[in-house]
Amino acid sequence: MFREFLNIFGVTQDQSWRFFILTGVSSFLIGLLIMFVPEILVAFIASIFFIIGTSLIFTGWKIRKMFKEAQSIRIEIFD
């Protein structure tokens, strides 16, 4: 395992199965944690809404910024 850690950027075998196992184990552990401590479910759902809201605000801000840049370029070209 230590050899694989040192050879991060080298040519390695196809290890895509590790993603599925890690995702499955983490999902299972999160499910167990929510089952034993139900208050965590509230924080989990709130964090999902927080991430979605932040992403939408950021996307809207970037679209507005690109629209203003495109509008100023169009005015400069036709003037």
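Trainee: How many aromatic pairs are found in the whole structure?

Mentor: The search finds two.

Trainee: What makes the pair of Phe 19 and Phe 20 edge-to-face?

Mentor: Check the distance, then the angle. The ring centres of Phe 19 and Phe 20 are 5.4 Å apart, and a pair needs centres within 6.5 Å. Their planes stand at 70°. Edge-to-face means over 60 degrees, so the pair of Phe 19 and Phe 20 is edge-to-face.

Trainee: Why is the pair of Phe 58 and Trp 61 called tilted?

Mentor: Its centres are 6.0 Å apart, with 40° between the planes. Stacked needs under 30 degrees and edge-to-face needs over 60, so the rest count as tilted. The pair of Phe 58 and Trp 61 is therefore tilted.

Trainee: Why are Phe 58 and Trp 61 separated by about one helical turn?

Mentor: Because they are three residues apart in helix α3, which covers residues 39–78.

Trainee: Are Phe 58 and Trp 61 buried, partly exposed or exposed?

Mentor: Phe 58 has 48% relative accessibility. Trp 61 has a relative accessible area of 48%. Buried is under 20% and exposed is over 50%, with partly exposed in between. So Phe 58 counts as partly exposed, and Trp 61 is partly exposed.

Trainee: Which residues form the nonpolar patch on the surface?

Mentor: Ile 30, Leu 41, Phe 44, Ile 45, Ile 48, Phe 49, Ile 52 and Leu 56. Together they have about 740 Å² of accessible area. Helix α3 gives the most, with seven residues.

Trainee: What makes Ile 45 partly exposed?

Mentor: Ile 45 sits in helix α3. Its relative accessibility is 39%. That value falls between 20% and 50%, so Ile 45 counts as partly exposed.

Trainee: What is the pattern of the protein chain along the sequence?

Mentor: The pattern is α-α-α. The chain has three helices and zero strands. Of its 79 residues, 1% count as buried. Its accessible surface is about 7,700 Å², and 75% of that belongs to carbon and sulfur atoms.

Trainee: Where is confidence lowest, and where is it highest?

Mentor: It is lowest in helix α1, residues 2–6, at a mean pLDDT of 56. It is highest in helix α2, residues 17–36, at 89. The protein chain averages 81, and 73% of the residues score at least 70. Where pLDDT is low, the predicted coordinates should not be read in detail.

Definitions and conventions:
Residues are numbered from 1 along each chain as its sequence is written. This is a predicted model: local features need pLDDT of at least 70, side-chain atom pairs count only at pLDDT 80 or more; totals for chains, interfaces and linings use all residues. Side-chain values use heavy atoms; hydrogens and water are left out. Helices (H or I, at least four residues) and strands (E, at least two) are DSSP runs, numbered from the N terminus. Buried means under 20% relative accessible area, exposed over 50%, partly exposed in between (1.4 Å probe, protein chains only). Accessible areas come from the Shrake-Rupley method with a 1.4 Å probe; for residues, only the protein chains shown count as cover. pLDDT is the predictor's confidence in each residue, from 0 to 100. Patches are made of residues with over 30% relative accessible area and no salt bridge: like charges are joined within 9 Å, nonpolar side chains (Val, Leu, Ile, Met, Phe, Trp, Tyr) within 5 Å. A salt bridge is a side-chain nitrogen of Lys or Arg within 4 Å of a carboxyl oxygen of Asp or Glu.
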